[in-house]
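Please look over the sequence and the model, then read on.

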Amino acid sequence: MTRAKLQSLSLLLVGVIAFGLPLVVRSPTYLHILVLLFLYAYLTTSWNLVGGFAGVLPLGHSAFVGIGAYTSTVLALQYGISPWLGMIVGGCLAVVVGVLIGLPTFKMRGAYFALATIAFAEGIRVMVENIEYLGPFKLNGPRGLQIPPLNTGLTNFMFAEKEPYYYIILVMLIAVLALTWFISRSKLGYYLSAGGEEPEAAMALGVNVARCKLIAMAMSSFLTALAGTFWAQFTLFIHPKSVMSLDVSFEIAFIALIGGRGSIAGPVLGAIILRPVSDLCRIYFGAKLPGLHLIIFGVLLILVMIFQPRGLQEPLTKLYHRFLDRMTTQPARAD
Amino acid sequence: MLYVLEDAINGILIGSIYGLTAMGLTVIFGVLKVINFAHGSLLMVGMYAAYWAVALTGIHPYLSLIVVAPVMYCFGYYLQDIIIKPIFKAEKDVREPITVIIVTTGVWYVLDNLSLLIFGPQYRTLQDNPLRGKMLEFGGMMLSVPKLWGFVTALATAAAIYWFFQKTRLGRAIRATSLDREAASLMGINQYRIYNVAFGIGTAIAGIAGVTLVPFYNVFPSVGVLFDIKGFIIVVLGGLGSIGGAILGGIIVGVIESVGPQFMAATWTEAIVYALFLVVLFVKPSGLFGVKYDW
Amino acid sequence: MMMLDLKDLVKDFGGLRAVDSLNLSIEQGQILGLIGPNGAGKSTVFNCIAGVYPPTEGEIFFDAARINNVKPWDLCRQGLARTFQIVKPFTSKTVLYNVMVGSYVTTDKRSAAESKAVEALKALNLYEKKDVKAGNLTIADRKRLEIARALATDPKLLLLDEVMAGLRPTEVDEMVKIIRGLRDRGITIFIIEHIMRAIMALSDRVVVIHFGQKISEGPPKEVASDEKVIKAYLGEEYAVS
């Protein structure tokens, strides 16, 4: 069998497993964990468009999660608008905010950019925490918004069981991965990596680095906001400390960094490795050893940055390729 | 009107302490060109160190400096040596060592959550320390005594650090390295040792700041987060690498925080500080006193 | 037809005048060499032309259009390419990837970009190394990569900034051949160089600047025996009066 065929086969296998998992895993707790895993894989892959390809370090992405969550929730609660529509509106709003943030900050160098994104995100969070009403929209300040689980069904983006959520986020994840793969092979992808790695050289080669970064930011913020709506519909309760917090921004960045930013598989791998650690620690050690998962994250992050700065995806991908090589050099057998 | 003045003066006092907390950050940046995201956590460690030194021995909080400063220096020295140096070596030719920022963020997480695990989430205060709650009356205003002590300590530390960098051989070696690491190493200065020393000094300053805070501020595992963020703001306001700028930036933040609630809800003053931070970042990123780097 | 025309170009950095009233022009298809002692302002001239910073005074005309404040990426689209004195390869990417970043300026399609990149690589004798990571190349190959990248953008005018520095004599000769080949394709070339044998071999005309001012101009042999030039490089004692 050729290498390419084997690669497609392995991808297909992964896909089949992913889609078939809910048939095997019946426990709502574990399904919940899986949904969150895919959610974070989605979030980190979206983050990767700016943080990986564009080569900067945005540490305030939870702002977009919050924008998405609040927009669709407010529109649904106050005006009865379907969350699916609200999702799109939230996404568009996030694009505007993202571009506004990006315009001045992309001119800055690394550390300043990171600080500025933190400041923006925290500023937005503080604002939402302090406002009851933004014009006609009720934001409810620090108390947050609760979505009454009244009408289930696809149009209302609300379900009693975990399975539908699982499939929705899985489809979203696959879409984002495909988009990332597409971009990485396209002109924009080449321009983004070039601009991220050596901006002066890239500019001399015809790359409008700032504009490419803005495009990446627009895409990333749109996609991230969509996840915000999903989050709201899944947990049915949002407040600034949950959807817009610095912790969420950092977790997204950490997962991408440990998994390997700039690659396509990296963020997903990072989520697969780290999210279960996070959830299992909370379940088994939550009371006795709070914050254990964060210590593990921190230590992992340090170790990965020292020994494998391109992320854990590098050795894992090498292993995968070696496996492929081994499988394809096997002599064709008569059976 | 007097209230505003009183608030302003108290704001200056607490602001100078903020400046002290940010001073270590600016020293580390000035030399290593790296923004140490773990700085708040180092402050937290310093506060716990001071807390336990006093709680276990009953000495005057400021006497604990004798123990805290050297301990923190060593902590910072080896933190840089063991964890950050490998990254530096790997990223020698990279213009902006972003990986170091990532690593220090990891250190932040580990330290904060380790102390949560070890010390527990409860807020601790030094109840019977000789400075707690003492007020000094001055011209009809009530000034906080522990903050006054802090103010003096902040200025003394700033002066000492300034003297160290200008007048001592080691200090000059550090400045040389910060200006041009390759040239300095060609002159026989071991740049990695310099980085260790600089990090040690920055951490020791955080320890001193911890001592000044402990008499009146609560000690808890995530106390560093707020100071971390404020520290960045102060250091950008005052100028990365500038010691006087750190004190001044701290005072600006302190005054806004103290006087602000007179005119608006307290939580909005937090937003104002962020807004000011962003304005400075865009308009004059080198800050009010900072050296213009190749940013 | 003038491909490049500098009129009274001045560039100040604070109090320092790096380029002082420089007048210079290159005809289409020519190779112009720019030489001068270290710190004379040569790279500054390139940076002004390439849009890295605008000139303090004076005008720059490229292909009859005034380009004083045009951004580097727009200049590249208009056909002005440059290399950097300290090479800046995208070290984590392959040689082919590097050059494709350049060739994408001419097209939006991946296949077209790839074939154009391959063309450029072949012109620079780098095709066999197309899948090597740029970070693993020798300095000589990195310099060729730098040129290949610029070539892939289909330039009318190519600014080469000390591409020979650090090369062995045989490598220099090879580079001279390659650059001649580029001119034969119709590209106008403006080259800064310290290595005299390269400049003498390549240039149709040479301009010498010292402390930001032009002190000599003409065919290579004339310039080399110009007393002012000898003084500037070697000092008063060596001038033959």
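What percentage of the contacts in chain B with a separation of 6 or more do residues 24 or more positions apart account for? The figure is 78%, where two residues are in contact if their C-beta atoms, placed from the backbone, lie within 7 Å.

This is a predicted model: local features need pLDDT of at least 70, side-chain atom pairs count only at pLDDT 80 or more, and totals for chains, interfaces and linings use all residues. Residues are numbered from 1 along each chain as its sequence is written, while chains are lettered from A and ligands numbered from 1 in the order in which they are written.

**Chain B**
- Chain B has 11 helices and 2 strands; helices (H or I, at least four residues) and strands (E, at least two) are DSSP runs, numbered from the N terminus.
- Along the sequence, their order is α-α-α-α-β-β-α-α-α-α-α-α-α.
- Chain B has a radius of gyration of 19 Å, which agrees with the value near 19 Å for a compact globule of 295 residues. The radius is taken over C-alpha atoms, and the globule rule is 2.2 Å times the number of residues to the power 0.38.
- The C-alpha trace of chain B spans about 60 × 45 × 35 Å along its principal axes.
- Of its 295 residues, 55% count as buried. A residue is buried if 20 or more other C-beta atoms lie within 10 Å of its own, exposed if 12 or fewer, and partly exposed in between, with C-beta atoms placed from the backbone.

**Chain A**
- Chain A holds 14 helices and 4 strands.
- Its radius of gyration is 21 Å, close to the 20 Å that the globule rule gives for 335 residues, so chain A is as compact as a globular protein of that length.
- Along the principal axes, the C-alpha atoms of chain A fill a box of roughly 70 × 55 × 40 Å.
- Buried residues make up 52% of chain A.
- Among contacts in chain A between residues at least 6 apart in sequence, 75% join residues at least 24 apart.

**Helices of chain A**
- Helix H4 (residues 83–105) of chain A has 23 residues and should span 33 Å at 1.5 Å a residue; its end C-alpha atoms are 31 Å apart, which agrees. The expected span is 1.5 Å times one less than the number of residues.
- Buried residues of H4(A) include Gly90(A), Gly91(A), Ala94(A) and Val95(A).
- Their cover includes helices H3 (62–79), H5 (110–130) and H9 (209–235) of chain A.
- Helices H12 (residues 265–285) and H14 (residues 313–328) of chain A pack at about 105°, with axes 10 Å apart. Axes are lines fitted to C-alpha atoms, for helices over the stretch in contact, and angles run from 0 to 180 degrees between N-to-C directions.
- In this pairing, Ala265(A), Gly266(A) and Leu269(A) of H12(A) meet Gln313(A), Leu316(A) and Thr317(A) of H14(A).

**Contacts between chains**
- Chain B gives 35 residues and chain A 33 residues to their contact.
- H4(B) supplies the largest share of the chain B side, 14 residues.
- In chain A, 18 residues are in contact with 20 residues of chain C.
- H7(A) gives the most to the chain A side of that contact, with 6 residues.
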